[in-house]
Amino acid sequence: MDTNFSDDFQVNGKFSIKKTSTSYKGKLTKDEGVQLLIKEKEKLRELQEKLYADGSQSLLVVLQAMDAAGKDSLIEHVFGGVNPQGCNVTSFKTPSSKEYSHDFLWRHYLALPQKGMIGIFNRSHYESVLVCKVHPEYNLSEKTWSSVKDFDNKFWENRYESIRNFEKHLSQNGTTIIKIFLHVSKDEQKKRLLDRINEQDKNWKFSTGDLPERALFDQYMESYETAINETAKDHAPWYVLPADNKWFARVAAVQIIIDTLEKMNLKYPSLSDKEKQGLIDAKKTLESE
């Protein structure tokens with residue numbers, strides 16, 4: 001691509017969510033963006049195949065956003081053309097009782113992509129410093145804490161440190177990490193929630209629980225800003241994508257993923273002389289049938 005969305009949207013230095021656009025779409029039209037996505041998906045498919053063949057590294061894509069920001073549709077439109085054998089999507093809901101009986105990162109370890117694979121976290125370990133920061137009482141389900149008074153600044157500092165250490169450990173052991181926040185405006189979220197009510201084929205997407213969370217929109221924005229500032233690292237970068245236009249967020253995301261895969265220096269396995277001779281012999285055998 002001529003436009004470098006990786007550089008444009010990577011968080012470097014102090015991040016301010018209020019100063020970050022939700023509607024930016026560059027010089028692209030929607031039609032241009034849709035055609036560009038089709039073209040780039042083929043490149044992504046080829047790189048995913050190379051990652052699988054290389055088998056020495058993995059890619060973890062973390063997606064975070066408010067309700068109706070377009071996480072599910074981004075996964076569908078960006079990764080729809082890759083080989084499903086080389087790609088796993090994990091959607092993290094409210095932890096189960098079993099998951100609550102372990103530390104907050106445990107269930108995320110279980111879902112990590114093995115080498116050669118792309119793993120996509122639809123929501124992630126960041127829920128523990130997002131929804132659980134807006135609703136600190138949720139942490140009591142871990143049974144380690146006795147009161148919401150335990151969730152002071154030190155508690156949250158420890159959570160951010162745990163996340164940083166988790167991601168650093170992954171990056172040092174063959175997993176490249178991309179973290180994407182789909183930044184949607186409150187007005188656009190309202191429009192999409194109304195669409196879910198007004199359009200019958202979208203009714204299933206609407207939950208009455210979305211409205212109480214929407215009332216806490218500003219608190220969530222503060223939590224996102226803090227989490228991103230606390231955990232944006234060179235080995236685990238955050239990309240904040242303007243998401244009021246879904247088509248643009250998809251184009252930006254696919255370029256970021258492609259750029260990251262290209263920097264991983266992936267290689268197809270090389271054959272030994274013995275294996276090359278085996279191919280020659282096999283060709284002769286097949287051609288002589």
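**Note on helix packing and selected residues in a predicted model**

1. In helix H7, Tyr 160, Ile 163, Arg 164 and Glu 167 meet Thr 226, Ala 227, Glu 230 and Thr 231 of helix H10. By class, this contact of H7 with H10 comprises three nonpolar, two polar and three charged residues. H7 covers residues 153-171 and H10 covers residues 217-231; their axes lie 10 Å apart and the packing angle is about 45 degrees. H7 is therefore oblique to H10. The crossing of H7 past H10 is right-handed.

2. The coordinates discussed here are those of a predicted model. The protein chain contains twelve helices and five strands. Its C-alpha atoms fill a box of roughly 75 × 45 × 40 Å along the principal axes. Of the 289 residues in the chain, 45% are buried. When contacts between residues at least 6 apart in sequence are considered, 81% of them join residues at least 24 apart.

3. H2 passes H11 in a left-handed crossing. From H2, the contact is made by Lys 30, Gly 33, Leu 36, Leu 37, Glu 40, Lys 43, Leu 44, Leu 47 and Leu 51. From H11, the contributors are Trp 247, Arg 250, Val 251, Val 254, Ile 257, Ile 258, Leu 261 and Glu 262. The residues of this contact of H2 with H11 divide into eleven nonpolar, one polar and five charged. As a general point, an α-helix has 3.6 residues a turn, so residues three or four places apart point the same way.

4. Helix H3 also packs on H11. The axes of H3 and H11 come within 10 Å and cross at roughly 55 degrees. H3 and H11 are therefore oblique to each other, and H3 passes H11 in a right-handed crossing. Ser 73, Leu 74, His 77, Val 78 and Phe 79 of H3 meet Lys 246, Ala 249, Arg 250, Ala 253, Val 254 and Ile 257 of H11. The contact of H3 with H11 is made up of seven nonpolar, two polar and two charged residues.

5. Asn 265 follows H11 and is placed in the loop between H11 and helix H12, residues 273-287. Although Asn 265 is not a glycine, its phi is positive, at about 55 degrees. Is Asn 265 buried or exposed? With 53% relative accessibility, Asn 265 counts as exposed.

6. Ala 68 is a further residue other than glycine with a positive phi, here near 70 degrees. Ala 68 is found in the loop between strand E1, residues 58-65, and helix H3, residues 71-79. The relative accessible area of Ala 68 is 9%, so Ala 68 is buried.

7. His 125 lies in the loop between strand E3, residues 118-122, and helix H6, residues 131-134. Its relative accessibility is 0%, so His 125 counts as buried. Leaving aside neighbours within four places in sequence, His 125 is in contact with Val 62, Phe 104, Leu 105, His 108, Ile 163, Phe 166 and Glu 167. Among these partners, Ile 163 and Glu 167 also belong to the H7 side of the contact with H10. His 125 and Arg 107, 18 residues apart in sequence, are 8.7 Å apart from C-alpha to C-alpha.

8. Asn 229 lies in helix H10. At 25% relative accessibility, Asn 229 counts as partly exposed. Which residues does Asn 229 touch, not counting those up to four places away in sequence? Asn 229 touches Gly 13, Lys 14 and Phe 15. The C-alpha atoms of Asn 229 and Val 11 are separated by 8.3 Å, although the two residues are 218 residues apart along the chain.

Definitions and conventions
Residues are numbered from 1 along each chain as its sequence is written. This is a predicted model: local features need pLDDT of at least 70, side-chain atom pairs count only at pLDDT 80 or more; totals for chains, interfaces and linings use all residues. Side-chain values use heavy atoms; hydrogens and water are left out. Helices (H or I, at least four residues) and strands (E, at least two) are DSSP runs, numbered from the N terminus. A crossing is left-handed if the near helix is turned anticlockwise from the far one by less than a right angle, and right-handed if clockwise. Contact means heavy atoms within 4.5 Å. Ala, Val, Leu, Ile, Met, Phe, Trp, Tyr, Cys and Pro count as nonpolar, Asp, Glu, Lys and Arg as charged, and the others, Gly among them, as polar. Buried means under 20% relative accessible area, exposed over 50%, partly exposed in between (1.4 Å probe, protein chains only). Axes are lines fitted to C-alpha atoms, for helices over the stretch in contact, and angles run from 0 to 180 degrees between N-to-C directions. Angles under 35 degrees count as roughly parallel, over 145 as roughly antiparallel, 65 to 115 as roughly perpendicular and the rest as oblique.
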